[in-house]
Amino acid sequence: MNFTKKVFLLTSCLLVSISLNANETIESFSKAKKLMKKVYKSNQTTFYGNCNYNYKDKSNMIVRESCGYKPRNEYTKKGKKNQRARRIEWEHVIPAENFGRQFFCWREGNEACVKKSGKEYKGRKCCTKVNKQYRLMQADMHNLVPAIGELNADRSNFRYGFIDGEKRFYGEAIDFEVDFKRRVAEPADSIKGNIARTYFYFEKQYGMKISKKDKKLFIAWDKLDPVDNWERKRNNLISKYQGNKNPFVK
């Protein structure tokens with residue numbers, strides 16, 4: 001490895017600066033998900049669709065009749081039950097790729113990210129292994145919400161935005177649209193402010209860049225959907241475990 005690349009690797013961690021009010025406590029994504037179960041213990045409803053869920057039923061956590069959820073795909077192409085239509089997953093409101101690509105290890109890899117076969121790897125797996133700042137951002141509980149696995153999968157790393165019409169893939173009662181061609185997802189009005197304030201939090205505490213177009217959208221969403229009691233309570237509960245609050249949840 002040449003000198004220039006070594007210097008770049010050593011200084012790459014400075015590309016994303018962490019504020020004193022960011023997550024400095026939890027590095028493990030697995031631990032963060034376990035703690036989020038405690039945060040949502042008294043409010044076991046999904047972020048998208050407002051469906052009740054129950055961890056006691058491992059094979060069918062989603063209580064479909066509570067929200068009118070109808071899977072887009074009840075079964076996989078191989079004819080097996082689509083397990084992601086039955087379980088809760090902890091989704092990153094801001095996809096890991098959105099903040100991960102700011103790190104050199106995500107884009108180019110690292111000398112430590114090499115398989116036994118000698119094949120190099122990069123992206124999420126590499127950054128989780130070598131970069132503490134990335135791990136803190138990935139495990140930040142303010143960015144995690146419970147979502148139906150199928151909706152989490154369909155949303156993928158699509159950006160949020162407006163979608164013309166109200167084509168419902170998950171039942172008429174589930175106000176969550178996805179435009180697969182444009183790679184855009186639109187949530188219900190009742191959570192648009194929550195999403196906006198999460199992006200503002202990452203912008204302020206981690207220096208994550210938000211495009212002018214998205215910033216304008218999120219400012220509008222913040223006004224459209226003010227902070228409610230649950231969002232305020234969630235903020236306080238996360239603070240007990242992680243040690244910091246989202247200052248935009250006032």
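Trainee: What is the mean pLDDT of the protein chain?

Mentor: This is a predicted model. The mean pLDDT of the chain is 92, and 92% of the residues reach 70 or more.

Trainee: Where does pLDDT stay under 50?

Mentor: That happens over residues 1-17. The model has 23 contacts beyond four places in sequence for residues 1-17.

Trainee: Turning to the rings, how many aromatic pairs does the structure hold?

Mentor: There are 22 aromatic pairs. One of them joins F200 and F248, with 5.7 Å from centre to centre and 55° between the planes, a tilted arrangement.

Trainee: Where in the chain do F200 and F248 lie?

Mentor: F200 belongs to helix α8 (residues 189-206), while F248 is in the segment after α10 (229-242). They are 48 residues apart, and the pair links distant parts of the chain.

Trainee: And is F200 buried or exposed?

Mentor: F200 has a relative accessible area of 6%, so it counts as buried, the limit being under 20%. F248, in contrast, is partly exposed at 29%.

Trainee: Which residues form one aromatic cluster?

Mentor: The cluster consists of F47, Y48, F158, F169, Y170, F176 and F180.

Trainee: What about charges over rings; where does the charged end of K33 sit?

Mentor: It sits over the ring of F29, 4.5 Å from the ring centre. K125 likewise lies over the face of Y121, at 4.8 Å from the ring centre.

Trainee: On to the core. Which residues touch the most other members of the largest nonpolar core?

Mentor: Y69, Y199 and F218 do, in a core of 62 residues. Helix α8 gives the most to this core, with 8 residues. In soluble globular proteins, nonpolar side chains tend to be buried together.

Trainee: What is Y199 in contact with, leaving aside its neighbours within four places in sequence?

Mentor: Y199 contacts V93, I94, P95, N98, R155, Y160, M208, I210 and F218. F218 is also among the residues that touch the most other core members.

Trainee: Last topic: which residues of helix α5 are buried?

Mentor: In α5 (residues 123-130), the buried residues are G123, C126 and C127. Viewed down the helix axis they fall within an arc of 95°, so they line one face of α5.

Trainee: What covers the buried residues of α5?

Mentor: The cover includes α4 (104-107) and α6 (132-138).

Key
Residues are numbered from 1 along each chain as its sequence is written. This is a predicted model: local features need pLDDT of at least 70, side-chain atom pairs count only at pLDDT 80 or more; totals for chains, interfaces and linings use all residues. Side-chain values use heavy atoms; hydrogens and water are left out. Rings of Phe, Tyr and Trp (its six-membered ring) pair if their centres lie within 6.5 Å; planes under 30 degrees apart count as stacked, over 60 as edge-to-face and the rest as tilted. Helices (H or I, at least four residues) and strands (E, at least two) are DSSP runs, numbered from the N terminus. Buried means under 20% relative accessible area, exposed over 50%, partly exposed in between (1.4 Å probe, protein chains only). A charge sits over a ring if NZ of Lys or CZ of Arg is within 6 Å of the ring centre and within 35 degrees of the ring normal. A nonpolar core is a set of buried Ala, Val, Leu, Ile, Met, Phe, Trp, Tyr and Cys residues joined through side-chain atoms within 4.5 Å. Contact means heavy atoms within 4.5 Å. The arc is that of the directions from the helix axis to the C-beta atoms. pLDDT is the predictor's confidence in each residue, from 0 to 100.
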